[in-house]
Amino acid sequence: MRSIATMAKRTGAAVLRQPQLGALARRVAALGGRSMVLVYHRIGALQSPGLIPTVPVTDFRTHLQTLQDIGEIVPLSQLLRERRSTKM
């Protein structure tokens with residue numbers, strides 16, 4: 001049985017892939033004018049439980065696809081450059 005969190009994530013991703021809802025989500029995000037930084041410590045085959053969780057490659061791909069559906073993925077260096085240029 002799937003966990004509720006897994007089902008919620010998949011449902012959210014499916015909803016955001018709908019053209020009208022995805023466009024609305026992008027507009028709302030753009031209004032905020034904010035950036036988000038995500039950090040993944042470990043991506044790969046699941047390892048024994050430990051302090052740092054591992055994200056399976058398939059889940060990571062799903063995360064990236066969902067993020068691409070609602071926004072632009074850029075390197076951290078670009079975010080920092082843009083932030084510096086707006087402060088000057």
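**Entry 1: ground rules.** I noted that this is a predicted model, where local features need pLDDT of at least 70, side-chain atom pairs count only at pLDDT 80 or more, and totals for chains, interfaces and linings use all residues. Residues are numbered from 1 along each chain as its sequence is written, and side-chain values use heavy atoms, with hydrogens and water left out.

**Entry 2: the whole chain.** Of the 88 residues, 9% are buried (under 20% relative accessible area; exposed is over 50%, partly exposed in between, with a 1.4 Å probe and protein chains only).

**Entry 3: the elements.** I found four helices and zero strands, in the order α-α-α-α from the N terminus. Helices (H or I, at least four residues) and strands (E, at least two) are DSSP runs, numbered from the N terminus.

**Entry 4: contacts.** I took contact to mean heavy atoms within 4.5 Å. Among contacts between residues at least 6 apart in sequence, 36% join residues at least 24 apart.

**Entry 5: leucine 21.** Where does leucine 21 lie? I found leucine 21 in helix H2, residues 19-32. Leucine 21 is partly exposed, because its relative accessible area is 43%. I also checked isoleucine 70: leucine 21 is 49 residues away from it in sequence and 9.6 Å away in space, C-alpha to C-alpha.

**Entry 6: valine 37.** My last stop was valine 37, in the loop between H2 and helix H3 (57-70).
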